[in-house]
Number of protein chains: 2
Amino acid sequence: MTEATGNGLLLEAFDAQLFRDSAETAVSKLEKHLADQSIRGLELIHPQELARAARALMSEDSDSIGAFDEEKLAAIIDLYVRTGIQVHSPGYMGRQFSGVVPLGGVVDFVSSVVNQPSSFYEAGQLPNVAERIMADELNRFIGWEPDSFAMVTTSGGSLANLTAMLAARNRDFPQYWTEGGAAFGDRPRPAIAVGADVHYSVARAAGVMGIGEAQLVRLPLNDAQQIDVAGVRPALAEAERRGLHVFCLVASAGTTPVGAFDPIDELADITREKGIWLHIDGAHGASLLVSDTHRDKLRGIEKVDSLTWDAHKMMFTPAPCTLLFYREKAHSLGAFRQTASYVFDEEPDPFTELDSGDKNFECTKRPMIMPLWTMWAVYGRALFAKKIDYLCALTQEAHRILDGEPDFRTLHSPEANILCFRHHPEGADLDEEELHRLQIDIRDRVKHRGSFFISKVDIGSVAALRVVMMNHQITAEHFRMVLGEIRRAGQEILSSKGRR
Amino acid sequence: MTEATGNGLLLEAFDAQLFRDSAETAVSKLEKHLADQSIRGLELIHPQELARAARALMSEDSDSIGAFDEEKLAAIIDLYVRTGIQVHSPGYMGRQFSGVVPLGGVVDFVSSVVNQPSSFYEAGQLPNVAERIMADELNRFIGWEPDSFAMVTTSGGSLANLTAMLAARNRDFPQYWTEGGAAFGDRPRPAIAVGADVHYSVARAAGVMGIGEAQLVRLPLNDAQQIDVAGVRPALAEAERRGLHVFCLVASAGTTPVGAFDPIDELADITREKGIWLHIDGAHGASLLVSDTHRDKLRGIEKVDSLTWDAHKMMFTPAPCTLLFYREKAHSLGAFRQTASYVFDEEPDPFTELDSGDKNFECTKRPMIMPLWTMWAVYGRALFAKKIDYLCALTQEAHRILDGEPDFRTLHSPEANILCFRHHPEGADLDEEELHRLQIDIRDRVKHRGSFFISKVDIGSVAALRVVMMNHQITAEHFRMVLGEIRRAGQEILSSKGRR
């Protein structure tokens, strides 16, 4: 009965030699992919057509285990690589997703096979130690006392934002965890102040955690689309008059639409005075801390209560790899509370002391720190700093290029590697609605043409084109090529509408 | 200025040939690891000692990028593999984490390098199509009408449980998302009924989402540690008398402590009558659906509202890979609500229709379906069914072995691959507290000895030893060896205390 050995194909699926063969297939495909520096955007395929192609690669249902088929694996990998976002191509300028440092991909591969869950020290010892080391390494650019702060890894910036906001909620309303929001009916309602351009995950967190989106106090922005410091006190006073108790202020270090950095130092002065928890969503921009050139954009970061930092964006690691920092170590225990005898021990010891299961949302958690730590161990800070500096400088140059083009208008001075602009074709007199529509149509047309991938964002109520420079293989020349594509697309659209 | 090309070491870090070299180092190490069938548990190292070893592998801080060092990478991988949970060894019986099918690890490697975020169709087309295909494939064992249900992938069972519970909350309390919990002060309070042995993530979710742990209605268990159907109506009636409005009942298909399957069919009859959302946490046990032998343990699954299914447990994929099923497609849109012009389009089209960003918590989401789909495409259902059948049969056999040993007592008849028992050394007359202490001490001693890894769980108030059979390389012989280790450990502990 216990003769699994009687089932040769089950054992074969776990065979080490078969593993090597299939891994070599993957390595060859990926090597080719990384070497391909052609300019390409998306190859969009209709889902039904792609589903047919995928179905054709599947075995018929059978009572016996299918034999391994290297050609099928090769075909699957080809289809997978080809139909996705081409983060390693210079044609990719559309999103904040990152082309990974290959070494990071290789270490993540080790994680995929050894499958160590990292919420518990005993199950993944090196990842837990590496988390402590990376926390100390990165804190060199924040500046807290060693051993006074905490860092946990979690599965993405949205989860880190929720976790920090829970810690803030539970600090000011310690009975919220047990009693729930309904207990707060008659009292001032818990509320959260946010920059008007904060990431959607923050508004979502308010809905998730029972605060309610109506209790989001939106802070006004200045011309640079940062939180306008002068508007904060009045907004908080108005919230208080409305019967709200603002327990947390969420600002951004790199907003998603334009990459604006909110004035952390000034905001911290206000939140400290008022006893409000200051959380910084630095998912995109916290990585600028490792750059001597750009660190100052996060001036005051040592004063904040918590910070979300996505290493899978500007630290170029496989996703997800999010770091959540707390200024005060004890606060890291505030987000969640629970007992579970099968994972939590009665008596902590030097080993369980490193467990993060009580500090992060996940029970099973990928050892996401390993690619980042290995890249840091091998290449050092300089790899990240130099790439970030290049990407920001490239974005500045793109901005200068646009300034010299009469049919393009920039909408902000880029603080990092995100740049938004609109195309105003010469001779076309468009109203706001037409201008909005044109930008979207241009984005779509460029996307479907397949050479470049750019995105769009609404600024005010009018769409803008948006590039995010995540790839150091992109040069100013590529950006000029995109402008050519945009012009061509704009002409075609206007012609088809009889506007020119 | 845009001369990244001037920095050779930056380009070198992304070099395709270097990628191949480092990947081959990883493949060799992993091949050896998979081929190693020695019996081993954990090699526990003091965190400080391990931190020293890890620090020694790091480059000095420098302004220039470190050169790639293959020996350093090899040393890091060695340390990583050696110091983690040995899921591929027959000595590993301690947790629900899985030794992955190597092919799944290889495909996950592709994901690590191509880094396609899968919340949006355009960014990861094949993962999005593969999700639809796997939803249909697995629904063959659930039984819903095609196109009437929905499935989303998400980063772990805890997040899937939270997501389903949010959808349930928002269905019964549509204004909760906007108004928040404080709006419900005077009305019956929202509450959630749970089996007393439900996973800690469910209680945690109640705290997270503003329901409050005090509004958890704990349903009594029968002798098999399943929810006692006879006790459900009285418990719900009592909750109503206390002013609670139970909107969701969470039952388990495979509880974490003992792997008990709650009676889904009978529970569904009650929840349907009362209009309560029935969510099944099948993180561990939903995979039994693919087995003809064990499917019946989830009888009635077609009646539930939602189901959490961790493929990274009994489908042996790299973690995390969680599937969340909804019986009614429209409900999958209920958990979250948001607008964000940079990711969500105004006008859905055949492409954006497949986006899951509005249905799952994450913005950046790993294309976690790809390993599962590829394994399914190549090996078919039989691989999973045969391994599951073997593991459950092995656990039954372990139970029979214990029944024949006078110094061991089983605590339940295993329904899946989890087995809990206590060691009662012959001749030792222990009170409850001593018995509790002894099991914990035995677990610790076995763990530190390093040959086998078993876990513990409190049953009643007394600790029990717990094995989880996740590895098909384990045989009854290995289980007999563990019993020997346990006996030896028990003797040593009692001797040291002068009890024998």
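Helices and strands here are DSSP runs, numbered from the N terminus. The model is a predicted one.

**Entry: the cis prolines**

I looked up Pro320(A) first. Pro320(A) sits in the loop between α12 (311–314) and β7 (322–326) of chain A. The peptide bond that joins Ala319(A) to Pro320(A) is cis, with omega about -10°. I then turned to chain B. There, a cis peptide bond links Ala319(B) and Pro320(B), and omega is about -10°. Pro320(B) belongs to the loop between α12 (311–314) and β7 of chain B.

**Entry: Leu354(B)**

I moved on to the loop between β7 (322–326) and α13 (369–379) of chain B, where Leu354(B) lies. Is Leu354(B) buried or exposed? I counted 21 other C-beta atoms within 10 Å. The cut-off for buried is 20 or more, so Leu354(B) is buried. Which residues does Leu354(B) touch, leaving aside neighbours within four places in sequence? I noted Pro47(A), Tyr121(B) and Asn128(B). I also checked Ser119(B), which is 235 residues away from Leu354(B) along the chain. Their C-alpha atoms are separated by 8.8 Å.

I looked up Asn115(B) next. Asn115(B) is not a glycine, yet its phi is positive, about 50°. Its place is the loop between α5 (102–114) and α6 (125–139) of chain B. Asn115(B) has 28 other C-beta atoms within 10 Å and is buried.

Asp147(B) is not a glycine either, and its phi is positive at about 70°. I found Asp147(B) in the loop between α6 and β1 (150–154) of chain B. Is Asp147(B) buried or exposed? It has 8 other C-beta atoms within 10 Å. Exposed means 12 or fewer, so Asp147(B) is exposed.

**Entry: α7 and α9 of chain B**

I then took a pair of helices in chain B: α7 (residues 157–172) and α9 (residues 200–208). Their axes come within 9 Å and cross at roughly 50°. That angle makes α7(B) and α9(B) oblique to each other. The crossing of α7(B) past α9(B) is right-handed. Which residues make the contact? From α7(B) I listed Gly157(B), Ser158(B), Asn161(B), Leu162(B) and Met165(B). From α9(B) I listed Ser201(B), Val202(B), Ala205(B) and Val208(B).

**Entry: helix α16 of chain B**

My last stop was α16 of chain B, residues 476–496. This helix has 21 residues. From first C-alpha to last it reaches 30 Å, close to the 30 Å expected at 1.5 Å a residue. Which of its residues are buried? I wrote down His478(B), Phe479(B), Val482(B), Ile486(B), Ala489(B), Gly490(B) and Ile493(B). Seen down the axis, the buried residues of α16(B) fall within an arc of 125°, so they line one face of the helix.

What covers the buried residues of α16(B)? The cover includes α14 (381–403), β9 (418–423), α15 (432–449) and β11 (462–468) of chain B. I then looked at the face of α16(B) turned away from the buried side. Exposed residues there are Glu477(B), Arg480(B), Gly484(B) and Ser495(B).

Notes. Residues numbered from 1 in each chain as written. Chains lettered and ligands numbered in written order. Predicted model: local features only at pLDDT ≥ 70, side-chain atom pairs only at ≥ 80, totals over all residues. Helix = DSSP H or I, 4+ residues; strand = E, 2+ residues; numbered from the N terminus. Expected span 1.5 Å × (residues − 1). Arc of directions from axis to C-beta. Contact = placed C-beta atoms within 7 Å. Axes fitted to C-alpha atoms, helices over the stretch in contact; angles between N-to-C directions. Parallel < 35°, antiparallel > 145°, perpendicular 65-115°, else oblique. Left-handed = near helix turned anticlockwise from the far one by under 90°.
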